[in-house]
Amino acid sequence: MAIYEVIFDVDAKSEKHSSLQNQTTDPKFWTDQIAAQKVLQEIKSLETWINLWKDVNQKANSLEELILLAQSENEESLYDEIIKELASLDKAIEEAEFKNMLSGK
C-alpha cells in the first residue's frame, strides 16, 4: 500500500492539514471571514482525503492479516473470503484513484 500512499501524497496532505489547523487558532484568523472560510473548506477537503486513505489502508491491512492467517493455518476455506475482500479492496482503490484524478487541476 506504500505505493498508493505516494500517489495520494498522504504525508503532504497531513502536514498541510496540521498547518491549516494551526492557523485557525490564531486570534487574527477570523479577521478576514472569506479567507477563513477558504481555509476551513481546504481543511475539510484534506480531511476527506486523509480519511479515505485511512479506510483503504485499513482494508489492506485487514486483508493482509487474513491472508497470513490462512497461510499459517493452511486454511483453504478462507479462499473465497480472501477473493471477496481483494475485490472490495480493488474497488476502493479504483474509486480513490478516480476521485484523485477528478480533483486534479
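This is a predicted model: local features need pLDDT of at least 70, side-chain atom pairs count only at pLDDT 80 or more; totals for chains, interfaces and linings use all residues.
I'll take the salt bridge, then the aromatic rings, then the surface.

Salt bridge to begin with. Side chains of opposite charge can pair when their charged atoms come close. How many salt bridges does the count give here? The count is 1. The partners are Lys16 and Glu42. Their closest N and O atoms sit 2.6 Å apart. Now, where are these two residues in the fold? Lys16 is in helix α2, residues 10–23. Glu42 is in helix α3, residues 33–72. The pair therefore ties together parts that are 26 residues apart in sequence.

Next, the rings. A pair of aromatic rings is described by the distance of the centres and the angle of the planes. The structure holds 1 aromatic pair. Phe29 and Trp30 make this pair, with ring centres 4.8 Å apart. Why is the pair called edge-to-face? The planes stand at 85 degrees, and over 60 counts as edge-to-face. Now look at how well each residue is covered. Phe29 is buried, at 9% relative accessibility. The cut-off for buried is under 20%. Trp30, at 40%, counts as partly exposed.

On to the surface. There is a nonpolar patch first. Which residues form the nonpolar patch? They are Tyr79, Ile83 and Leu86. Together they have about 290 Å² of accessible area. Take Leu86 from this group. Leu86 is placed in helix α4. With a relative accessibility of 39%, Leu86 counts as partly exposed.

Then a charged patch. Pick out Glu94. Glu94 lies in helix α4, which covers residues 79–102. Its relative accessible area is 47%, so Glu94 is partly exposed. One distance to finish on Glu94. Along the chain, Glu94 and Glu47 are 47 residues apart.

To recap. Lys16 and Glu42 form a salt bridge, and that pair links helix α2 with helix α3. Phe29 and Trp30 meet edge-to-face.

Methods. Residues are numbered from 1 along each chain as its sequence is written. Side-chain values use heavy atoms; hydrogens and water are left out. Helices (H or I, at least four residues) and strands (E, at least two) are DSSP runs, numbered from the N terminus. Buried means under 20% relative accessible area, exposed over 50%, partly exposed in between (1.4 Å probe, protein chains only). Rings of Phe, Tyr and Trp (its six-membered ring) pair if their centres lie within 6.5 Å; planes under 30 degrees apart count as stacked, over 60 as edge-to-face and the rest as tilted. Patches are made of residues with over 30% relative accessible area and no salt bridge: like charges are joined within 9 Å, nonpolar side chains (Val, Leu, Ile, Met, Phe, Trp, Tyr) within 5 Å. Accessible areas come from the Shrake-Rupley method with a 1.4 Å probe; for residues, only the protein chains shown count as cover. A salt bridge is a side-chain nitrogen of Lys or Arg within 4 Å of a carboxyl oxygen of Asp or Glu.
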